Amino acid sequence: MRALVWNGVNDLSVETVDDPELINPHDVIVQVGLTTTCGSDLHFIDGYLPGMREGDVFGHEFMGEVIEVGRDVSRIKVGARVVVPSFIGCNHCWYCENDMYSLCDTTNPNAELQQPILGAPTGGIYGYTHPFGGYAGSHAQYVRVPFGDANCFPVPDFVTDEQALFMSDAVPTGYMGADFCDITPGDTVAVWGAGGVGLMAARSALLNGAGRVISIDRIPERLTLAAQLGAETIDYSTTDSVQDALREATGGRGPDAVIDAVGMEGHSTGIQEIYDRTKQLLRMETDRAASLREAILACRKGGVVSVLGIYGLTDKFPMGLLTNKGLTLRTAQQHGQRYIPQFFDYVAQGDLDPSVLITHDLPLSEGVRAYDLFKNKSDGCIRVALRP
């Protein structure tokens, strides 16, 4: 089959690789219908996350058709159109039984690579470094899905492929970030980052009852889409002080909750941008965490800081602000299996259309170009849908 592979830092290519096979009796094989670029892929493409090997197929956000099932698969049938969460759950361990699927105890076969760093392994994820399981990713014609009954969600006829695609990762990640905020009716929520996840976090905060959502970014097309989804916007590149703007918007108190949907390659301005970029380039830190620091500073006393961005070793983390302001910090990789079924209802009601994230639609053969567009935010790119 053809697949988009990682060959080294900023070195991608489309190659012919072996087709996946059923390994365990609970596996299914999915013919990928759509897969998409994701900001978290950029972290290992740019060399900030270790654990990729030459020739690895990457990608973790996808939907498609089931073409083969293992003998122990009972719920999912051949021919089903399904969406698959990016993190792999087993549905039987303590964490899965408590709806924390990305923390699954069963699905990471490379637990020994994470144990020294994290103290305990996470669940496995498709196409996202060997410490996260070493699974082949979704930027391919076919992908093996372990625990098919737990991880494949049949897509209703009224949901399009393009809408279902982002229910794999961007929508549940954004929705989880809003869920973490413990929103009460009328709350103000500020969201740093208006990429796919940030946009879905903003929309999800409104679906969860927020009175106001304020999206903070610098890319005009992202801010335009955030406004179309119901958010107020701040362009931090043209605003003297985001902190002042948020205080003014909230009567001096600050947002009730903040969501960081940026992560380790965030942009900022002034001396902070120079400091973070220099240390990251010299590998003295992995993270440019300006958005995280800014979100913590902006949040009102007693509020919630919800972190969706991917980080490694963060320099200058303002722990004193969390303590003295009485903030609650909540973060996780996404527990998609917990949330996906309700997204179908939101689509049916006309409250959610994830397909608005697609700005470019390309064949997988143009995967290298897709990531160039996506990484450099060229031609108004927010997300590229890839068709194997």
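## The second largest pocket

A pocket is an open set of grid points with protein on both sides within 12 Å along at least five of seven lines, and its lining residues have an atom within 4 Å of a point. In this predicted model, the second largest pocket holds about 990 Å³ of space. It is lined by 32 residues, and those closest to its centre are Leu118, Phe132, Ile310, Tyr311 and Gly312. Rolling a probe the size of a water molecule over the atoms shows where empty space is left.

Which element gives the most to the lining of the second largest pocket? Helix H3 does, with four residues. Helix H3 spans residues 111–118, and both this helix and strand E16 (328–331) supply at least two residues of the lining. By residue class, the lining of this pocket divides into 20 nonpolar residues, 11 polar residues and one charged residue.

## Aspartate 379

Aspartate 379 belongs to the loop that joins helix H14 (367–376) to strand E18 (383–387). Is this residue buried or exposed? Aspartate 379 has a relative accessible area of 61%, and it therefore counts as exposed, since the term requires a value over 50%.

Leaving aside residues up to four places away in sequence, aspartate 379 touches His360 and Leu373. With histidine 360, the side chain of aspartate 379 makes a polar contact, side chain to side chain, at 2.9 Å. Glycine 174 lies 205 residues from aspartate 379 along the chain, and the C-alpha atoms of these two residues are separated by 24 Å.

How values were computed
Residues numbered from 1 in each chain as written. Predicted model: local features only at pLDDT ≥ 70, side-chain atom pairs only at ≥ 80, totals over all residues. Heavy atoms only, no water. Buried < 20%, exposed > 50% of the residue type's maximum accessible area, 1.4 Å probe, protein only. Contact = heavy atoms within 4.5 Å. Polar contact = N/O pair within 3.5 Å; in protein donor to acceptor, adjacent residues only side chain to side chain. 1 Å grid on protein atoms, 1.4 Å probe; cavity = no way out; pocket = protein on both sides within 12 Å on 5 of 7 lines; lining within 4 Å. Points joined across faces, edges and corners; volume = space filled by probe spheres on them. Nonpolar A, V, L, I, M, F, W, Y, C, P; charged D, E, K, R; others polar.
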